[in-house]
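Subject: Model for your files

Hello,

Here is the structure I said I would send. My notes on it follow below.

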Amino acid sequence: MSDCDKCEELLQGYLDRELSDAEVVVAESHLNGCDYCRRRYRFEASLRVYVRTTAAERMPPGLAAKLADLRTTGASPLGN
Amino acid sequence: MGESGTAEPDGARRVATEARDRVRFEEEALALADQVYRVARRFVATREEAEDLVQDTYARAFRSWQSYTPGTNLRAWLLRILTNLNTDRGRKIQRRPDETPLEESDYYLANRMVASAGEQVLDQERVVERLSQDSIVTALSAVPHDFRDVVVLVDIGDFSYADAAQILDIPLGTVMSRLHRGRRLLKANLAEEAVS
């Protein structure tokens with residue numbers, strides 16, 4: 001497996017901060033020296049941010065109030 | 001024991017403490033509603049389904065609040081309820097989810113875009129230019145749900161692999177393989193749009 005293939009394999013876990021310390025060293029030392037992988041790393045990172053921001057839809061207005069109405073504490077044993 | 005007569009005040013205090021804990025639990029859960037909804041919205045096809053699912057989740061959470069262990073991840077606990085409800089609603093569990101080999105590499109989308117428009121297409125602002133918001137939502141919803149759920153939990157919900165494993169009640173290794181495949185499928189879907 002080439003160093004770039006190895007880097008590609010580690011990249012998602014690296015972005016997720018789920019690699020072991022030893023793997024982080026392997027990924028970072030390759031990224032430092034490889035323009036090709038570094039560009040792809042930046043692309044993957046910005047794609048990740050873009051997916052997160054576009055696919056995250058805010059809660060519709062009114063839902064918060066409906067959820068608050070589901071609370072049970074109004075009927076607590078204290079009878080408050 | 002010489003403690004006769006204190007039973008009632010102690011009992012009353014316990015009830016008061018429990019009521020206070022319960023109010024606090026409900027407040028903390030409600031503060032997470034928007035984050036729970038964001039994940040729910042990408043688990044299901046429509047806004048209405050997501051709203052229903054979140055309401056059912058909170059109704060159940062408020063009923064079974066005592067099974068939550070204070071100090072643990074409340075957001076993950078709520079998502080676990082939500083995932084169970086979503087499965088109860090008849091979503092079919094894909095026992096052998098899509099085992100066909102996926103040829104594309106993790107760099108597939110990047111490389112397809114570079115091939116059609118040059119290296120500079122990988123610059124951040126160009127990514128946004130070439131991929132519309134709609135295309136991301138469409139591409140994500142086209143990923144089979146077993147894979148999509150993991151992608152949504154990790155990439156939109158910002159959960160760790162371990163949290164995602166607990167929420168979906170699957171092994172950590174399965175989270176990693178589904179995430180890997182789910183993201184590749186997402187990128188393959190995006191490539192069709194971005195490069196065509």
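This is a predicted model: local features need pLDDT of at least 70, side-chain atom pairs count only at pLDDT 80 or more; totals for chains, interfaces and linings use all residues.

Chain A

The C-alpha atoms of chain A occupy a box of roughly 70 × 25 × 20 Å along the principal axes. Chain A is built from four helices and zero strands, and its pattern along the sequence is α-α-α-α.

Helix α1 of chain A covers residues 3–15 and helix α2 of chain A covers residues 21–33. The two pack with their axes 9 Å apart, at an angle of about 120 degrees. Because of that angle, α1(A) counts as oblique to α2(A). The crossing of α1(A) past α2(A) is left-handed.

On the α1(A) side, the residues that meet α2(A) are Asp3(A), Lys6(A), Cys7(A), Leu10(A), Leu11(A) and Tyr14(A). Their counterparts in α2(A) are Glu23(A), Val24(A), Val26(A), Ala27(A), His30(A) and Leu31(A). Sorted by class, this contact of α1(A) with α2(A) has eight nonpolar, one polar and three charged residues.

Chain B against chain A

Between the chains, 34 residues of chain A are in contact with 40 residues of chain B. Several helices of chain B supply at least two residues each to the side that touches chain A: α1 (7–31), α2 (33–43), α3 (47–63), α6 (124–130), α7 (133–141), α8 (145–156) and α10 (172–195). That side of chain B comprises 23 nonpolar, five polar and 12 charged residues.

Domains of chain B

The contact between them draws 10 residues from domain 1 of chain B and 12 residues from domain 2 of chain B.

On the side of domain 1 of chain B that touches domain 2 of chain B, α2 and α4 (74–88) of chain B each supply at least two residues. By class, the residues on that side of domain 1 of chain B are five nonpolar, two polar and three charged.

Regards

How values were computed
Residues are numbered from 1 along each chain as its sequence is written. Chains are lettered from A and ligands numbered from 1 in the order in which they are written. Axes are lines fitted to C-alpha atoms, for helices over the stretch in contact, and angles run from 0 to 180 degrees between N-to-C directions. Angles under 35 degrees count as roughly parallel, over 145 as roughly antiparallel, 65 to 115 as roughly perpendicular and the rest as oblique. A crossing is left-handed if the near helix is turned anticlockwise from the far one by less than a right angle, and right-handed if clockwise. Two residues are in contact if their C-beta atoms, placed from the backbone, lie within 7 Å. Ala, Val, Leu, Ile, Met, Phe, Trp, Tyr, Cys and Pro count as nonpolar, Asp, Glu, Lys and Arg as charged, and the others, Gly among them, as polar.
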